Amino acid sequence: MAPSSNNLSRVVAHRGASADAPENTLSALNLAIEYGANCVEVDAMISKDGVAFLHHDDGLERCTNGRGYVCAASASELDALDASGKHTQFAGEPLPRLSAALDLLIEKKTGLNLEIKPTPGLEQATAAAVVAELEATWPSELPLIISSFSKDALEVAQALLPNAQRALITCAVPPDWENTLKALECTNFHMAAELLNETDAKAIKAAGYGLYCYTVNEVSQAHRLLGMGVDGVFTDKPKLLLNEISAT
Ligand code: G3P
Ligand code: MG
């Protein structure tokens with residue numbers, strides 16, 4: 001089946017406004033919205049007791065004052081952490097549950113790229129937890145794309161929430177990209193900006209897919225990618241890029 005459309009803005013705030021606020025926190029989402037972003041990307045994984053939280057790394061050390069795997073801590077233990085990371089002026093910033101992030105984005109009518117970021121081995125459980133929350137709360141009129149590097153996670157989303165748009169994420173373009181996108185019924189392909197060439201960009205667009213690149217923090221690189229036919233970019237600096245590029 002041919003993909004119907006992609007669903008994101010040209011400038012997507014990557015982990016929120018993550019250059020200026022702690023990544024994947026409510027403050028980073030609020031700041032991105034304040035800057036004018038109408039679409040954000042976040043990463044989600046699960047606690048030991050299966051509750052979805054926003055977090056990028058398997059381990060807690062880089063972004064919080066906790067230690068060890070996210071998936072080894074209970075939700076109440078994760079609730080007690082400080083997620084301000086290197087942004088010391090945000091001391092006391094909580095590690096947000098996915099439910100709190102969804103509430104905020106729905107209230108602010110902001111589009112979402114929810115990246116399922118499972119710790120290896122927890123692909124199905126992570127995807128099922130994330131999809132259940134989306135199914136319970138996300139309004140159909142707000143833009144939503146579920147993405148993942150994990151094909152297993154995307155298969156769960158495809159089975160449980162077939163009407164939500166999906167994106168496969170990779171670093172480089174794999175040789176079997178088209179078959180994989182077809183099998184997972186994805187509308188979008190998301191990949192590393194520096195690994196995209198003009199030939200692949202043309203082929204992916206000619207096949208009808210939304211094409212988005214991460215992580216683009218320089219205006220000149222954004223212009224170059226958009227000139228190649230890329231639909232939009234994930235950026236830690238939405239303020240900078242929104243000043244130079246319209247969101248749609
Ligand atoms: O979803 C795009 C991008 O966020 C994928 O890479 O590692 O920043 O989650 P990463
Ligand atoms: Mg991500």
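Ala, Val, Leu, Ile, Met, Phe, Trp, Tyr, Cys and Pro count as nonpolar, Asp, Glu, Lys and Arg as charged, and the others, Gly among them, as polar. The exercises below concern a predicted model.

**Exercise 1. The shell around ligand 1**

Task: List the residues that surround ligand 1 and sort them into nonpolar, polar and charged.

Solution. 
- Step 1. The residues around ligand 1 are His14, Arg15, Glu41, Asp43, His56, Glu115, Lys117, Phe149, Ile169 and Tyr214.
- Step 2. By the definition above, Phe, Ile and Tyr are nonpolar, while Asp, Glu, Lys and Arg are charged.

**Exercise 2. Polar atoms at the ligand**

Task: For His14, Glu41 and Glu115, state how far a polar side-chain atom lies from an oxygen atom of ligand 1. Then state how much of the ligand's accessible area the protein covers.

Solution. 
- Step 1. For His14 the distance is 2.8 Å.
- Step 2. For Glu41 the distance is 2.7 Å.
- Step 3. For Glu115 the distance is 2.8 Å.
- Step 4. On its own, ligand 1 has 290 Å² of accessible area, and the protein covers 92% of it.

**Exercise 3. The nonpolar core**

Task: Which residues have the most contacts inside the largest nonpolar core, and what does Leu134 touch beyond its neighbours within four places in sequence?

Solution. 
- Step 1. The largest nonpolar core has 66 residues.
- Step 2. Those with the most contacts inside this core are Leu112, Leu114, Leu134, Leu196 and Leu225.
- Step 3. With neighbours within four places in sequence left aside, Leu134 is in contact with Leu102, Leu112, Leu114, Leu144, Ile146 and Leu161.

**Exercise 4. Buried or exposed?**

Solution. 
- Step 1. A residue is buried under 20% relative accessible area, exposed over 50%, and partly exposed in between.

**Exercise 5. Apart in sequence**

Task: How far apart in space are Gly210 and Thr187, and Val216 and Ala193?

Solution. 
- Step 1. Gly210 and Thr187 are 23 residues apart in sequence; from C-alpha to C-alpha they are 6.2 Å apart.
- Step 2. Val216 and Ala193 are also 23 residues apart in sequence, with 6.9 Å from C-alpha to C-alpha.
- Step 3. Ala193 is among the residues in contact with Val216 when neighbours within four places in sequence are left aside; the others include Leu225, Val233 and Phe234.

**Exercise 6. Backbone angles**

Solution. 
- Step 1. The bond from Tyr214 to Thr215 is cis, with omega near -20°. Thr215 lies in the loop between E8 and H8.
- Step 2. Lys109 is not a glycine, yet its phi is positive, about 50°.
- Step 3. Glu185, not a glycine either, has a positive phi of about 50°.

Note on methods: Residues numbered from 1 in each chain as written. Chains lettered and ligands numbered in written order. Predicted model: local features only at pLDDT ≥ 70, side-chain atom pairs only at ≥ 80, totals over all residues. Heavy atoms only, no water. Near = heavy atom within 4 Å. Polar contact = N/O pair within 3.5 Å; in protein donor to acceptor, adjacent residues only side chain to side chain. Areas by Shrake-Rupley, 256 points an atom, 1.4 Å probe, with all protein chains shown as cover. Core = buried A, V, L, I, M, F, W, Y, C linked by side-chain atoms within 4.5 Å. Buried < 20%, exposed > 50% of the residue type's maximum accessible area, 1.4 Å probe, protein only. Contact = heavy atoms within 4.5 Å. Helix = DSSP H or I, 4+ residues; strand = E, 2+ residues; numbered from the N terminus.
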